[in-house]
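Please work through each task with the sequence and the structure at hand before reading its solution.

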Amino acid sequence: MKKLEDYVVSIPDFPEPGIIFRDVTSVLQDADGLNLAIHLLMEKLEGLDFDVIAGAESRGFIFGMPLAYNLHKPFIPVRKKGKLPRETVSASYELEYGTAEIEIHKDAILPGQKVVLIDDLIATGGTSKAMIQLVESLGGIVVKNLFLMELAGLNGRAKLEGYNVDSVIVYD
Ligand code: PRP
Ligand code: ADE
């Protein structure tokens with residue numbers, strides 16, 4: 001029986017020299033890998049009381065949607081700047097490589113709602129921190145930050161101190 005780690009292909013020096021890229025598409029392109037990934041993420045949410053799942057464009061959509069569907073919860077797509085048509089709030093942040101800005105519709109989260117944030121991977125934690133800022137600016141409560149992969153060497157957890165952070169695979 002293959003472990004989830006066995007499905008992840010690691011590519012050195014992509015997209016820049018010195019970065020080891022943990023490629024989630026290698027998990028998705030294998031039916032067993034995809035099934036295992038969703039199953040392991042679902043396990044991490046067992047018994048958790050929450051109202052909404054949110055995920056950041058684009059890889060956060062891949063895992064957020066099947067979990068929301070399976071657990072009969074709403075899914076909130078947090079998008080890169082300029083894509084959402086109605087009134088938004090936005091947050092800028094730095095990545096392992098480059099910078100970005102994400103937005104959420106103002107009416108996407110109601111005050112007091114308990115929110116789970118999902119992404120394929122946490123590196124510096126910049127994306128997650130920005131997601132938390134957006135959710136909290138709308139009055140939501142972030143009850144868990146869930147990842148398929150964590151790059152522990154980049155210490156993204158330090159940026160999310162005080163929040164519930166969980167991941168399926170941890171790389172040094
Ligand atoms: C990747 C990944 C996470 C983020 C992690 O997304 O899917 O969202 O980087 O990095 P961080 O912890 O340093 O913020 P990316 O911004 O590359 O966009 P993509 O999902 O569209 O590929
Ligand atoms: N996003 C940010 N850093 C990454 C990495 N090393 N591999 C895959 N996705 C990433």
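**Exercise 1.** What volume does the largest cavity have?

*Solution.* The model is a predicted one, in which local features need pLDDT of at least 70 and side-chain atom pairs count only at pLDDT 80 or more, while totals for chains, interfaces and linings use all residues. Residues are numbered from 1 along each chain as its sequence is written, chains are lettered from A and ligands numbered from 1 in the order in which they are written, and side-chain values use heavy atoms, with hydrogens and water left out.

Begin with the definition: on a 1 Å grid over the protein atoms alone, a cavity is a set of points where a 1.4 Å probe fits but cannot get out, and its lining residues have an atom within 4 Å of a point. Grid points are joined across faces, edges and corners, and a volume is the space filled by probe spheres set on the points. A search of the whole structure on these terms finds one cavity of 30 Å³ or more, and the volume of the largest cavity is about 50 Å³.

Next, identify its lining, which consists of Ala56, Leu117, Ile118, Asp119, Ser128, Met131, Asn145, Leu146 and Phe147. Strand 7, helix 4 and strand 8 (141–151) are the elements that give two or more residues to this lining; helices (H or I, at least four residues) and strands (E, at least two) are DSSP runs, numbered from the N terminus.

**Exercise 2.** Describe the largest pocket and state which ligand sits in it.

*Solution.* A pocket is an open set of grid points with protein on both sides within 12 Å along at least five of seven lines. The largest pocket has a volume of about 460 Å³, and of the 25 residues that line it, Arg59, Leu95, Tyr97, Leu121 and Thr127 are the closest to its centre. Two or more lining residues come from each of strand 2 (20–23), helix 3 (59–70), strand 7 and helix 4, with strand 7 giving the most, four residues.

Ligand 2 sits in this pocket, in the sense that more than half of its atoms lie within 2 Å of the grid points. The space taken by ligand 1 is likewise the largest pocket.

**Exercise 3.** Which polar contacts does ligand 1 make through Arg59, Asp120 and Gly125?

*Solution.* A polar contact is a pair of N or O atoms within 3.5 Å. Oxygen atoms of ligand 1 lie 2.9 Å from a polar side-chain atom of Arg59, 2.6 Å from a side-chain N or O atom of Asp120 and 2.8 Å from a backbone N or O atom of Gly125. The protein covers 88% of the 500 Å² of accessible area that ligand 1 has on its own, areas coming from the Shrake-Rupley method with a 1.4 Å probe.

**Exercise 4.** Which protein atoms make polar contacts with ligand 2 through Ile20, Arg22 and Arg59?

*Solution.* For Ile20, a backbone N or O atom lies 2.9 Å from a nitrogen atom of the ligand; for Arg22, a polar backbone atom is 2.9 Å from a ligand nitrogen atom; and for Arg59, a side-chain N or O atom is 2.9 Å from a nitrogen atom of ligand 2. On its own, ligand 2 has 260 Å² of accessible area, of which the protein covers 94%. Strand 2 gives the most to the shell around ligand 2, with three residues.

Notes
Polar contact = N/O pair within 3.5 Å; in protein donor to acceptor, adjacent residues only side chain to side chain.
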